[in-house]
Amino acid sequence: MNTFQKNESKETLFSPVSIEEVPRRPPSPPKKPSTKICGSNYPLSIAFIVVNEFCERFSYYGMKAVLTLYFLYFLHWNEDTSTSIYHAFSSLCYFTPILGAAIADSWLGKFKTIIYLSLVYVLGHVIKSLGALPILGGQVVHTVLSLVGLSLIALGTGGIKPCVAAFGGDQFEENHAEERSRYFSVFYLAINAGSLISTFITPMLRGDVQCFGEDCYALAFGVPGLLMVIALVVFAMGSKMYNKPPPEGNIVAQVLKCIWFAISNRFKNRSGDIPKRQHWLDWAAEKYPKRLIMDVKALTRVLFLYIPLPMFWALLDQQGSRWTLQATRMNSNLGFFVLQPDQMQVLNPLLVLIFIPLFDLVIYRLVSKCGINFSSLRKMAVGMILACLAFAVAAAVEIKINEMAPAQPGPQEVFLQVLNLADDEMKVTMQGNENNSLLIESIKSFQKTPHYSKLYLKTKSQDFHFHLKYHNLSVNTEHSVQEQNWYSLFIHENGNSISSTMVKDTESKTTNGMTAVRFVNTLHKVVNISLSTDTSLNVGEDYGVSAYRIVQRGEYPAVHCRTEDETFSLNLGLLEFGAAYLFVITNSTNQGLQAWKIEDIPANKMSIAWQLPQYALVTAAEVMFSVTGLEFSYSQAPSSMKSVLQAAWLLTVAVGNIIVLVVAQFSGLVQWAEFILFSCLLLVVCLIFSIMGYNYVPVKTEDMQGPADKQIPHIQGNMINLETKKTKL
């Protein structure tokens, strides 16, 4: 007999429809007695599940913490492309849980789904780590390996997301509800612990460890991959202890079928002769039971409120992309500790652990004592406003960073500095194509120029004529420049004459908390300079100029150098964040071999601590919006619809990341303006959400309960585990 009873209708005007036979769920085998932890009611098997979750979350968030900088500095994508791919990956991670839940509920069951997709997860990490090895192929190989690895990781992490927490809940007996509730608290604590530790450690593995002469992204991806291997091994070790319920059918699929049938049936019976029905879902009554239709009606009321939610996630998830890129242009020296730019993300899980008890035990209670009805929808609206403020603060910080940064040459403009490396003062006159004097300067020997001179070009490229006067010598020379570039003109003695060399400088400030250095060698021998154990370079003799090399910020009191017949050390001093330095190696009669230091590009002036207010605001917004939103959703929908609600919640996160992807690719705005755009968009969405919430009539819990709740036991699908952005404790 079909579990769904067919509703007979006396109306003869309806188009005939087929009745879908829904198979009865196979009876669940009796639960076998499980081994307990130290004589308590906690099954020993949950220890394996909690350790598995900690390692998996360490793996995921650790890999994701360094992902944006990997795109930018290893794959050499621009900031917009790096941001877009980052959010495309995040979006995919929140689409795939729907697939994982369907596989677990309808085919393999939770245990096998976790095992098989964890293998896919590990494979993705291996491929991703291989793609970060500089010695393995070129740019195309690295890009292909990275994208394939990320796709597999998204399938793995998203596929097991809806299964692990629910599988842990399956280990408890029905009369141990209190222990099950505490297990979920420990489970989500493991999520936060994994996130907190990994977002602190993996940026250190990337930035503090050098491999192949640059940041060690292979290690930063390899360690999270190793943790995922440990997660899989630990989970498999508990196999014989687990209670493994069979697949129970997917409630999400049933709801979608019910909605689709109601729409198609209404379309087939759109004749004016057919009586209208009270609700559009009532058109599913020919096929589905009344209780299911009532539950779907309650569900759609809540899902209607979900429509504005993706905009919030669009702002929240930019902590790992746009905000990390902003941190690369700031000074990471806090005095007592030097942060990596991507380590600032650790503030989010840290503040989450502080804010949840603070809000629940202090702020909400104080608001309640003031007689203010701080309902769930109002909390969510306030969370949106706090996120708007966070991005307004981020925009203000970005504007201040731009004010402190050196100006950039525009179209038909170049910046030029002239450096006199001769032993005495030299007069430099620069003329354009029309013999008009553009620059007349007397430059002392080894004089540090306070700033670059801005020159205007007639075309995109132009030749400049220089007249150099030194003692009784007078030399004319010519050099070509191209628009929107920085140049340095080195002038030096060459026997009984004067020579000059025009060198193109770095176009902009260095990023990711690093420093750029280059050398001019005035000696008559090639000099080999060892900047670190993995970074060395040769500088040609007789005023040879090296290319820029990227090094860590810090003190360099004794850099080892050698020529073909001697070794010596150079004191480079303190190299600051974001700066570009020029060192001229000279051999003075009085002071011996030394390095004359000049700062081509000034260091980052604004402290990274100025990001703390925006992180505090956005984390407070997350706590008020995310936790409250799920609690409200659960209180307003029947218990049979909780899986569908979590699926819809995950989809709002996925859509939010797609919004960032689209804006990053097509807005064309400068960064501070993009922050303002997101802030204004969320403010508009908050207004719409407030109007929707004002007109929403809450449903009492008892109104959704009844004996009919037990009519559809076969569609009690897998409860999708939503980690509400690490806020659910």
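One aromatic cluster is formed by Tyr70, Phe71, Phe74, Trp77, Tyr217 and Phe221. The model is predicted, so local features need pLDDT of at least 70 and side-chain atom pairs count only at pLDDT 80 or more, while totals for chains, interfaces and linings use all residues. Residues are numbered from 1 along each chain as its sequence is written, and side-chain values use heavy atoms, with hydrogens and water left out.

Rings of Phe, Tyr and Trp (its six-membered ring) pair if their centres lie within 6.5 Å; planes under 30 degrees apart count as stacked, over 60 as edge-to-face and the rest as tilted. By this rule there are 39 aromatic pairs. One of them joins Phe172 and Tyr183 in a tilted arrangement, 5.6 Å centre to centre with 45° between the planes. Phe172 sits in the loop between helix H5 (139-169) and helix H6 (177-207), and Tyr183 in helix H6, so the pair ties together parts 11 residues apart in sequence. Helices here are DSSP runs (H or I, at least four residues), numbered from the N terminus. Phe172 and Tyr183 are both buried, a word that means under 20% relative accessible area (1.4 Å probe, protein chains only).

In the pair of Phe632 and Tyr696, the ring centres are 5.6 Å apart and the planes stand at 65°, so the pair is edge-to-face. Phe632 belongs to helix H14 (residues 612-636) and Tyr696 to the segment after helix H16 (671-694), so this contact links parts 64 residues apart in sequence. Phe632 is buried at 8% relative accessibility, and Tyr696 is buried at 10%.

Methods: Helix = DSSP H or I, 4+ residues; strand = E, 2+ residues; numbered from the N terminus. Buried < 20%, exposed > 50% of the residue type's maximum accessible area, 1.4 Å probe, protein only.
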